[in-house]
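Colleague: Hi, I'm new to this one. Could you walk me through it?

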Amino acid sequence: MDDKMKKGQVTIMIIVAIAIVAFILIFFLLKTKIKIDLPGGSESVFDYESYAKKCVRDYTEEALDLMIKQGGFLQPKNGKLFNNTNIEYLCYSKANYEKCVNQHPLLIKEMKIELKEYLGPKIKECLLDMKRDFENRNAQVLFNSENPEINVDFNDDRVNIEIDKEITIKKEGETRNYNKLNVEIQSPIYNLATIASEIASQEAKYCYFEFVGFGIYYPRFSVNPYSVSGETRIYSIRDNKTNKIMSIAIRSCAIPPGF
Amino acid sequence: MKIKASRERKFEAIIQIVLLIGSIISFGYLIRDFSDNIVSAVEISDSDVTNIQNNVRNEGQDPNQLLNLDNNFINRMLNSFVPQAPSINSGDFLNGINSNTGGVKVCTKTKDNKICQQITGNSCQENCEGECLDGTLKTLPENSVCSLGTCIDKTEGICSSESPKKYCEDLGGEWKHQEEDSIPECVKGCCHLADQPIFTTEGSCKKQAESHGLEFGVGADFNGEIVEEYSCLISFEGEKEGACVFSVDDESKKGCKLTTKTECETLTERNDNFFEDVLCSNPDLGTSCLRQNSTNCIEGLDEIYWFDSCGNKENIYSSITDQSWNEGKILKNVESCTLGEPGDWLKNQGICGNCDRLQGSICGNKTAEQKLDDATQGVVCLDTSCVDDSGKRRENGESWCAYQSSIGLPGPDVPGLDSLRNSITNPALSFLAGARATDTPGSLHFRKFCNNGKIEISACDNYRNQICVEEQTPKEETEDYLSQASCRLNRWQECLAYNPGSAEARLMGFAGKNAGNLLKAKLELTCGLDPDCFVKTVDMIRDKEYDTFKFSYCAPRYPPGFDMKDNPDAANQLCAQASQQCTVVYVNMLIEGWTCKGNCECEKPTFAKEMNDLCTSLGDCGSEVNYLGNQPGGKGYIITTKDKKDLWSNLGGLPFGDLFGGGFGIGNLANPLDAEPIKEEYIPLTQPEILDKIRHSWIVETFGSLDISRILSGDADSGTPNVETNNEKGGISAGLIVGGTGATALAAAYAFPSSLAVGGGFSHATVIGSIPNPALAGFGGGALGAGLGLAVTGFLIKMLGIGPGLPAAATYALMGTGAVAGALVGYQYATAGTFCAGGPLGCMLAVAVLLIIVFLKILGIGEVKEKKIMFECRPWVAPTGEPIGKCEQCGKDKLSDGAESFPCNKYSCQSIAQNCKYILETEGTAEHGGGLCVTADINDVSPPRIIDVWKDVLTTGYSYSEKPYDQGFSIEKNSGGCMNQFEQLKFGFILDEYGWCRISGERKEKFEEMTAIGGISQNQSFVLSGYDLSSLSIEGLKSEEKNDISLYVVCEDAVGKTNIDKPYIINLCVDPKDLTAPVINNVNSGGDVLPYNTETQTVNVYTDEKSECKWSYNEGVFGDLPNSMTCNIDDGDRDVRGFECRSEVVLQGETTSICIKCKDHPEWQNTENENRRNENSECIKIELKKSNSELKIDSIYPNNVTITTGRNIPSLTIKTSTSGGLDGNADCFFSLDNSPNELMFETGTNIHKQILGTGTSSLQEKFYSLKLRCVDKANNVATNTTSFEIKRDLINPNIARIYENSRRLYVVTDEPSQCAFLNKPIKERKNACNFNVDEALEIGNIISIEDSSQGYLHGVEFDTKKPYYLRCKDLYGNEKTGECDIVVKGGFV
């Protein structure tokens, strides 16, 4: 081989080396780009908070949407079927021509209790999933109790969920302890439920709710009643800010159809 | 002779004795005959009274027992003024329901989970899961589980009315028996939160303050003195605003934000750059913001505002700009321009932006009619008022009533006019007479309201179970008025309850002839004052002596409608209340023959009319037009004779000869004017309490303080009728005719004239009443023979019953002759001792009288015939056989406010015709109860027929074939070709009736298998997509030839008739040959504005067919465009938008324009078909625009700071501001300690906030990292990272030094503190150091902070004679417990 050929071989080798290095770099770059951002994923094995928050948020938002549609309850026990939705009666009188009796005097409290009961097993299951997931990645997860203590609070334009459960996560000699977890979810359910409660009270007192005046005083909300067979009124309370609509059923001073 | 004379005298004496005895017996008979009636009446009265009193006292007794009292007198009397009802009768009916159903009970929990419901006692076992409590909800004791009261939720501060005790307390609520308004915790007031007023309770205010992280009493407060919602909403003044000046990158310019002082301090972390009440554009501030750059609305605020060049809000818009700018200072609303004045709130709409939604205007985009005088401004104070169909201006929120027909009684609704109407019998005033309810079948009441400039309508409940009431309040300084309307319960059932029940009617019956008047008076004082009722009096009395058919009845003023399809029985029962029988009496007179003598008016049209008026007033009964003014379709009433069950038609010659043929043909009884609503007609609001007073006190008001028992015992005030008094009067009257024959019946008739109506007593009364008082001519002068003759003649006339047919003269003649005959016979006997031997004249006369009487009897003179005319009130029946299209008029009627439409509802629809079917079309229209009313004739065997094509919807360039359309029609292209396969063709047709239609490319056996065209309608339209023919089962089209296709259309009408066996066929042709260039249906170029730093942008276009596309910065023919796009050309690549082509475009400057063109059939590229390809001749131009600047995060709080707190860590508000990008506004996310990004609670503008540590989440004493990521609508992204630390200060302050100088004691602390002292222990505490700083501060023993020391140096006047017990507290509340920091006594430490 002459020198020229040797130089040519070296050049080729260099080019091949550069190509290999470039390939490796591209491989890693692409790999970084396609990383899937999962809560509790490979890079966040200790991130209990992200994992739990996502669970709480998903379940709560799903529940809140249903509660808003169904008069404040996930499982209406005393409802009126309207447009394929079971809408809870907040005020009801079985007798005709009689003012209604408030069926949920502590509406918001009942809603909180139902939401709490709904979230309990869901969050418990979620945390167990997390435990299995973390442990599959060689972490050790310790719970102080089986069932998490959950507190639900409704506030202006938001819902606060507090999970009180002591959790210890250990991996490779590192230990992290968690105690309380707070999740804040934006929802107008408190505002809507307050109005629903007011409507029920007005209907119980006067068989009537002045929805036109209410809309003028509080332009954020619009209330529309719809009479079903002269017996039940379905009130739709729309939050114009979020476009969420809460429906409630009232049977007060009911008039049977015809005579 | 002596003996003979003695014998003759003895015989004479015997005869005289006999005559005397006979006379005594005769008179005794006559007297007994009358007095028996009196005695019997009194006896019956006493026993009845006793029974009734017992029954009244014994509540709950079966009212049927009352009905079973067997007393003809009373029954006859009752029947005279209480309409006979076959099944139900007002109050008794309701009482009967109660007693027959086991009374009312309260179920604590029903099986369907309702709590505390009133149910009938008999249904407890079936319906109640919990306990059944005795009584009603109102009568339950206070400690009952279902006792109703107010439930207080102390946590939320919410009070709920009508709440059951147990269910409130079980959930931890506080229950009180009082009304909500009387409970202090439930009284609402004005709650001022940081940025909004809320009208709520103090508890709720505290809760909301807490949830906003505000300290109650500082950032939020409650004013209980403001008790009106309106006052609260307008009373609010937020925290004062001003200019917050800060530095930006370029130090020569200052940035500025109009905000509050608190926020400014947070944003800038300084407290010296806030200028209260100063605008950012104020030149004194030296900012870069220029004044009055633009105008706009602000969400949540009513007014139009100026904005400066930095985007800051300025003052309210005024065309006088200097005045509005106010020398760069904030101008309050009240000091800004005035938009209008009472009567014209928009007077200055063109020049002023001080809108106020509570006075009918709000900031919004300008319209063609409403704009500012300055045409460059895009907003205006929009008028939120409305103008109704009658042209009247209605304020925003104003509501008013509208009616579909005349309502209430005819004519003006004037109090007292009802009674006047009832008393009018003069035909000339008949237009005023005849009170009746005029609401027509099918008509409803509506509430209309103005809602932000739009008139909306809401139907009151169906069947007029609700009525619309309205209150009109005069507007200030104008002649106009403001209306407020609402739909309230129609209390029509209460009207029925005003009518007397059986027991009450019996009591009134003892008032005898006055009973009818008493009833009427009672009804006028109860029913007549009830705004929902009126007293209907049917008065057929024209001859006061003989006619008896008159009664009063309380009827609904707004009669209810019925659902005849679902509940016909109830309608039948209610209408039957007006079914009544009138007994007309005919007498066979000596000369005239059979002659009507009593209740003759019942055979005249007035009877039918008056009875029909009552009938129609009870509800949808009788003969009446529907709300459209159309005639009824069935027999709303019929009139029959009771003895002959067939219809009586013996009234030929009367104005309506078919009267007794039933209500069907009586058009003139149904007043078409009733269907014409009167403009401005409305029912005023009334106070329900009045009704209660009326109902419970009518007796007291009518009879003073007497109760019913006193009335019955005759112990009432003078003038009050009672049984005894009335019978005494009867006795006197009867006494005048004692001696006349037939006095028995006469006495009864006078005592109880009402018995004439139906009891058969009339015949006697009429007959005897027609006889002159023979007693006056009968018994006198001591002539026993005459008297005996008179009595015998009268007795015979009565006994044989010829009296009623005799004229008075004939009766007098007969009785006179009888008397004369008796006198002669008596005289003969008295003088001659013989009856006839002395002179036969007397005997002859007696025989003649006897023969005449017998002869008259044989002729039938005096016979009485009763004709019982029964008016039977039946439910109204909708017209039959209405033409096609009549049902469809539903919703197009005229309303009282001039509107010509209303939401069609089921009740109105069903009243138009019997073949109308109501269809609730969509949920949207259902909101106000509106739907479709279609003709659904069950006799119609034809499916919907195409009667025309719908030209308006046909795609341009096409035409339909000509009529007839019996088989269908064809669609052709005007240019002569066919529809191409990338085209969309819209066509339609019109049916002869409402129906649903479906379409398919092949014949189907079932309607459901076809593709739906749309909803139920007469007008049907369909869009046919050339490229989607397979969805209609059209397959296998030839590629190079014209394809003729047929579309099969099947329609179904409201009764389910379809033409599935013979579909309509729509013919058209489809040309698969592609003659058109690709059409770009959709473009995606990354949004209207791109991020600031964008260098390249992907552009996607979507074509209707597979294409090859190119682009260039400049225009040119397709082949010259330099840049090719990557296109999807497989069939499977097509999505709903079409086939996608994409390319990266390198941007040139701020705005880049490109031209795109496409060419079809890419598969033919460079083949022999190349010249058959079609390409765009015109560019599709796309403009790519970048943002002007980068989005920036201007400030963050907290930013690398240590936040020191006390033992309890309060909530913390993260605040940040953005600028640049699209418009400075963005959505910001935060991440605390690398947690997932969360959208900040308040974001979307250029200020963003998030509260941390509220509710159940709390901050800890630690170091936090904070990441912010903001994204605007142009996808500009700005991020920033900072950190902050929270530290708790738990160390008490120390006194570093203490000294005296110039009679002042100075204390120096090692940190900023508050210091206080005591000179002696607080009362009842031994240790003088046992106090805290706050307690000493309250006393006033403050050791003042020296101005310049910032809390380190404190000084106070020093009295060396007194001890000083000193304590200090730092800013975080730390201080020693139970001991002093230092004690100074006698001037020494």
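This is a predicted model: local features need pLDDT of at least 70, side-chain atom pairs count only at pLDDT 80 or more; totals for chains, interfaces and linings use all residues.

Modeller: Happy to! Residues are numbered from 1 along each chain as its sequence is written, chains are lettered from A and ligands numbered from 1 in the order in which they are written, and side-chain values use heavy atoms, with hydrogens and water left out.

Colleague: What lies over the face of Tyr92(A)?

Modeller: Lys114(B) does, at 4.6 Å from the ring centre. The rule for a charge over a ring is that NZ of Lys or CZ of Arg is within 6 Å of the ring centre and within 35 degrees of the ring normal. Arg394(B) is placed over the face of Trp400(B) at 4.2 Å from the ring centre.

Colleague: And how many aromatic pairs are there over all chains?

Modeller: The count is 24. Rings of Phe, Tyr and Trp (its six-membered ring) pair if their centres lie within 6.5 Å; planes under 30 degrees apart are stacked, over 60 edge-to-face, and the rest tilted. Tyr89(A) and Tyr92(A) are edge-to-face, because their planes are at 75°, with ring centres 4.7 Å apart. Tyr89(A) is buried too, at 4% relative accessibility.

Colleague: Why does the pair of Phe211(A) and Phe449(B) join two chains?

Modeller: Because Phe211(A) lies in helix α5 (residues 211-217) of chain A, and Phe449(B) in strand β21 (residues 445-451) of chain B. Helices (H or I, at least four residues) and strands (E, at least two) are DSSP runs, numbered from the N terminus. Phe211(A) is buried at 8% relative accessible area, and Phe449(B) is buried at 2%.

Colleague: New topic: which residues touch the most other members of the largest nonpolar core?

Modeller: Tyr48(A), Leu115(A), Phe154(A), Ile161(A) and Val223(A), out of 67 residues. Helix α3 (residues 107-136) of chain A gives the most to this core, with 10 residues. Such a core is a set of buried Ala, Val, Leu, Ile, Met, Phe, Trp, Tyr and Cys residues joined through side-chain atoms within 4.5 Å.

Colleague: How many helices and strands does chain B have?

Modeller: Chain B has 28 helices and 65 strands. Of its 1389 residues, 49% are buried.

How values were computed: Buried means under 20% relative accessible area, exposed over 50%, partly exposed in between (1.4 Å probe, protein chains only).
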